[in-house]
Amino acid sequence: GLYPVSWLFSVTGEVEGMGTVELNSRDLSVFPNPVSNVLNINMANGKTAQSIEIVNLAGQSVFTTKAANSVDVNFLAAGVYVVRVKDNNGVTHMSKIVKK
């Protein structure tokens with residue numbers, strides 16, 4: 001039968017299907033945080049964002065877009081989300097944000 005499964009994971013190195021993941025990456029800055037309307041996304045060290053995904057704490061994708069410097073998150077319900085930005089090297093950088 002079906003039963004709820006909760007996943008608890010710490011990310012280091014390779015995650016199958018996701019490539020390399022950097023949690024709380026210094027190469028990714030998202031601001032302001034907490035955010036109410038527009039979230040700015042900035043990549044450091046010459047990296048560029050290829051895609052941006054926002055997922056809720058249940059792991060569901062609530063927003064995806066191609067590379068952008070900012071995202072209007074006004075539509076999101078208040079709460080905590082994870083922003084996943086894949087860079088031009090295929091590395092996924094993740095950062096938590098709080099939506100006001």
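**Strand pairing, core and aromatic contact in a predicted model**

Strands β5 and β6 form a hairpin in which four residues lie between the two strands, and G59 in the turn has a positive phi of about 85°. Strands, like helices, are DSSP runs numbered from the N terminus (at least two residues in state E for a strand, at least four in H or I for a helix). The structure is a predicted model, in which local features need pLDDT of at least 70 and side-chain atom pairs count only at pLDDT 80 or more, whereas totals for chains, interfaces and linings use all residues. Residues are numbered from 1 along each chain as its sequence is written, and side-chain values use heavy atoms, with hydrogens and water left out.

V55 has S61 in β6 as its bridge partner. A separate description applies to an open sheet of three strands, which follow the order β3-β4-β7 with antiparallel pairing. Because β3 and β7 stand at the edges of this sheet and each has a single partner strand, one side of each is left without a neighbour in the sheet. Neighbouring strands of the sheet are turned by 20° against each other on average, direction ignored, where axes are lines fitted to C-alpha atoms (for helices over the stretch in contact) and angles run from 0 to 180 degrees between N-to-C directions. Four bridges link β3 and β4 in the antiparallel sense, and V30 stands opposite I41 in β4.

I41 also belongs to the largest nonpolar core, which has 16 residues and in which L39, I41, V83 and V85 touch the most other members. Such a core is a set of buried Ala, Val, Leu, Ile, Met, Phe, Trp, Tyr and Cys residues joined through side-chain atoms within 4.5 Å. Two or more residues of this core come from each of β3 (28–31), β4 (38–43), β5 (49–56) and β8. With residues up to four places away in sequence not counted, V85 touches, among others, L28, I41, M43 and I52, contact meaning heavy atoms within 4.5 Å.

One aromatic pair is counted, the rule being that rings of Phe, Tyr and Trp (its six-membered ring) pair if their centres lie within 6.5 Å, with planes under 30 degrees apart counted as stacked, over 60 as edge-to-face and the rest as tilted. The ring centres of F63 and F75 are 5.9 Å apart and their planes stand at 40°, so the pair is tilted. Because F63 lies in β6 (residues 61–66) and F75 in the loop between β7 (70–72) and β8 (79–87), the pair ties together parts that are twelve residues apart in sequence. F63 is partly exposed at 22% relative accessibility, and F75 is partly exposed at 49%, where buried means under 20% relative accessible area, exposed over 50% and partly exposed in between (1.4 Å probe, protein chains only).

Note on methods. Pairing = 2+ DSSP bridges.
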